[in-house]
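Here is a short note to read with the model open. Please follow each point on the structure as you go.

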Amino acid sequence: MPDNHMNNIILIGLPGSGKSTLGVILAKTLGLRFVDTDIIIQEHTGRLLQEIINTVGAEEFLRVEEACILSLDCSDTVIATGGSVVYSSRAMQHLKSGGITIYLEISCEEMISRLKNIVTRGVVLKSGQSLRDMYYQRIPLYERYADIRVDCSDEAFESVVEKVAMKIKGMNARIT
């Protein structure tokens with residue numbers, strides 16, 4: 001990776017798109033560090049994501065998430081974000097200022113089929129919002145912030161990692 005402001009790889013996408021799993025494999029493949037912002041939130045608060053949402057609500061969770069992301073200062077790192085990070089333009093600008101943002105795309109049906117543990121997973125749903133509603137609300141946000149889009153539906157993680165690595169190399173060639 002070039003030695004400039006684009007030295008982090010930020011993974012965004014819906015819950016279940018594989019950000020955390022793919023992020024670990026991508027970091028190993030590229031020789032980078034790995035950070036999962038959901039884990040940072042849990043370490044900062046001492047609580048599970050779903051516990052935070054259940055006790056203080058979605059809006060307060062989003063405030064905590066934004067504060068944790070704004071405190072991030074890393075380089076040469078693959079950053080797996082929570083799916084709700086795109087609700088904060090401040091958090092996204094902070095992340096984008098330090099790297100390339102990759103949107104891991106999946107279909108609504110794929111997301112729903114992958115989310116088996118919805119009541120414990122820590123998924124931010126607004127009051128009365130279904131997973132399908134959340135999906136269609138977030139898609140334009142992911143598209144707005146993405147530097148690179150990668151389809152992850154029905155693909156093995158190794159195949160997606162290979163696609164992501166090739167797209168990053170192509171983008172870096174255009175930047176340098």
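1. **Ground rules.** This is a predicted model, where local features need pLDDT of at least 70, side-chain atom pairs count only at pLDDT 80 or more, and totals for chains, interfaces and linings use all residues. Residues are numbered from 1 along each chain as its sequence is written, and side-chain values use heavy atoms, with hydrogens and water left out.

2. **Strand S1.** Helices (H or I, at least four residues) and strands (E, at least two) are DSSP runs, numbered from the N terminus. Strand S1 spans residues 8-12, and five of its five residues are buried. Buried means under 20% relative accessible area, exposed means over 50%, and partly exposed lies in between (1.4 Å probe, protein chains only). In a regular strand, side chains alternate between the two faces of the sheet. Both faces of S1 are covered: Asn8, Ile10 and Ile12 lie on one side, Ile9 and Leu11 on the other.

3. **Partners of S1.** Two strands pair if DSSP finds at least two bridges between them. S1 pairs with strand S4 (residues 99-105) in the parallel sense, over five bridges. There, Ile10 has Thr101 as its bridge partner. S1 also pairs with strand S3 (residues 77-80), again parallel, over three bridges. Ile9 stands opposite Val78 in S3.

4. **Strand S4.** Why is S4 largely enclosed by the rest of the structure? Seven of its seven residues are buried. S4 also pairs with strand S5 (residues 148-151) in the parallel sense, over four bridges. Glu105 stands opposite Asp151 in S5.

5. **Both ends of H2.** Helix H2 covers residues 37-45, and at its start a side-chain oxygen of Asp36 reaches to within 2.9 Å of the backbone nitrogen of Asp38. Gly46 follows H2, with a positive phi near 75°.

6. **Ala91.** Find Ala91 in helix H5 (residues 89-96). Is Ala91 buried or exposed? Ala91 is buried, at a relative accessible area of 1%. Not counting residues up to four places away in sequence, Ala91 touches Glu66, Ile69, Leu70 and Val85. Contact means heavy atoms within 4.5 Å.

7. **Cysteines.** How many disulfides does a search of the whole structure find? The search finds zero. A disulfide is counted as a pair of cysteine sulfur atoms within 2.5 Å. The sulfur of Cys74 is 13 Å from the closest cysteine sulfur, in Cys68, so it is too far for a bond. Cys74 is partly exposed, at 25% relative accessible area. For Cys152, the closest cysteine sulfur is in Cys108, 16 Å away, also too far for a bond. Cys152 counts as buried, at 3% relative accessibility.

8. **Largest pocket.** The largest pocket has a volume of about 460 Å³. Its lining has 29 residues, and the closest to its centre are Pro15, Gly16, Ser20, Asp38 and Arg121. On a 1 Å grid over the protein atoms alone, a pocket is an open set of points where a 1.4 Å probe fits, with protein on both sides within 12 Å along at least five of seven lines; lining residues have an atom within 4 Å of a point. Grid points are joined across faces, edges and corners, and a volume is the space filled by probe spheres set on them. Helix H1 (19-30), H2, helix H3 (49-56) and helix H4 (58-70) each supply at least two residues of this lining.

Terms used:
Polar contact = N/O pair within 3.5 Å; in protein donor to acceptor, adjacent residues only side chain to side chain.
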